[in-house]
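Student: I am new to this structure. Can we walk through how to read it?
Tutor: Gladly. Here it is.

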Amino acid sequence: MGFGCSLMNIKFNDHPLPTLPIMEDLPTDRVIGITSTIPIEIVFAAGYIPIDLNNIFICDRHAYKMVEDAESAGLPRNICAWIKGIYSAARKYHIRKVISVIQGDCSNNQALMEIFQSEDIETIPFAYPHAKTDRRFLHDQLMMLSDALGVGYGKVEEMKKRLDAVRSNVHEIDRLTWTDSTVTGEENHIWTVSTSDLMGDYTVFKERAVRFLQSVQARKPIQHNLRIGVVGIPPICEDLYPFLSSIGAHVVFNEIQRQFSMPYPTKTLVEQYRQYTYPYDIFSRLEDIQQEIKQRSIAGLIHYVQSFCHRHIHDKIIRRHIRLPVLTLDCDRPGPLDGAMKTRIEAFVEMLKYHRSETSVV
Ligand code: SF4
């Protein structure tokens, strides 16, 4: 069942959690695909509909096949499945314009932009600065993106204020996950990861977030034996969160997804995207992870790494700096966890539970 909404008349399936717009009903000339989190304030202010191609790929019932389709179309087997999924999503939904992050994400995305160009998809490059201290570079990039979409910068800062109010609901959902335990780790993941494009319609997104917050007021705290965090890019496997909760582990921290929600209070867009840790070096991420481990009383971390992703290299640095047990989980394609992965996760969770009970005995 679909329902109309106040902004651009996008239709959505009725659901308590964020969902994707019904893509077939979108005005294709207003849709802009994004390959990673970018300043969507600019896209909204210019009157376009940002659609995160990662989201429409991973929510597709045929996500696994979309990876295979991309390989049939010539993308190599030994590159990350997210890139192949983004490619197939753009083709499947006839996306005509894409904003590609060419610095601050990965070189695969840069090459993907060139594939899009060769297939007559209009591309707009966006680059995060190499160092987060480079305010001038970031400011220039924001201006260039505003110019490319034909919107004045004043309107963009206005839009930031509007989206701050929308995102604050997700920050509350995140808080309830670790303070009151009334939001599951999976719900936390879905809400925070969806802030990358706010479902293409921030008005509907806000309505749903408010409704969700009302609905959790009546909930009792989730019973669990352990609080853990998931760091690294959002997992491609479909059942990690239900599996963790089935063995008594409550995920109270989703590192990168939380970053998509722009969790720090900022006054300007430059500051907001400077504080956002994902595009910069691992050390900014580590600072955030360490702070949240302490704040959220986390007993252990799952470091999710995507097969064939350069970010896997960060595992060594994370392990050296984080003074907690870390399980590195590597997945390739969409689909359920396999038996070996489940066994490793179970052993890790059991070890954490055992360690906790040992240390709590005086
Ligand atoms: S998972 Fe890694 S390789 Fe894949 S798109 Fe993201 S940053 Fe690039």
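Student: Which strands does helix α6 lie across?
Tutor: Keep in mind that this is a predicted model. Helix α6, residues 135-149, lies across β3 (31-34), β5 and β6. Its direction runs at about 160 degrees to β6.

Student: What is the order of the strands in the open sheet?
Tutor: Start with the general idea. Strands of a sheet pair through backbone hydrogen bonds, either parallel or antiparallel. Here, 4 strands form an open sheet in the order β4-β3-β5-β6, and the pairing is parallel. β4 (49-52) and β6 (122-127) are the edge strands, each pairing on one side only. From one strand to the next, the twist averages 30 degrees.

Student: Over how many bridges do β5 and β6 pair?
Tutor: Strand β5, residues 97-103, pairs with β6 over 6 bridges, in the parallel sense. In that pairing, Ile99 stands opposite Ile124 in β6. Helix α5 (residues 107-118) packs on the sheet and touches β5 and β6. The direction of α5 makes about 150 degrees with that of β5.

Student: Where does α7 bend?
Tutor: At Ala165, by about 25 degrees.

Student: Which residues are around the ligand?
Tutor: Among them are Cys80, Trp82, Asp105, Tyr278 and Arg311. The shell around the ligand divides into 7 nonpolar, 2 polar and 2 charged residues.

Notes
Residues are numbered from 1 along each chain as its sequence is written. This is a predicted model: local features need pLDDT of at least 70, side-chain atom pairs count only at pLDDT 80 or more; totals for chains, interfaces and linings use all residues. Side-chain values use heavy atoms; hydrogens and water are left out. A residue is near a molecule or strand if one of its heavy atoms lies within 4 Å of it. Ala, Val, Leu, Ile, Met, Phe, Trp, Tyr, Cys and Pro count as nonpolar, Asp, Glu, Lys and Arg as charged, and the others, Gly among them, as polar. The bend at a residue is the angle between axes fitted to the seven residues ending there and the seven starting there. Helices (H or I, at least four residues) and strands (E, at least two) are DSSP runs, numbered from the N terminus. Two strands pair if DSSP finds at least two bridges between them. Axes are lines fitted to C-alpha atoms, for helices over the stretch in contact, and angles run from 0 to 180 degrees between N-to-C directions. Contact means heavy atoms within 4.5 Å.
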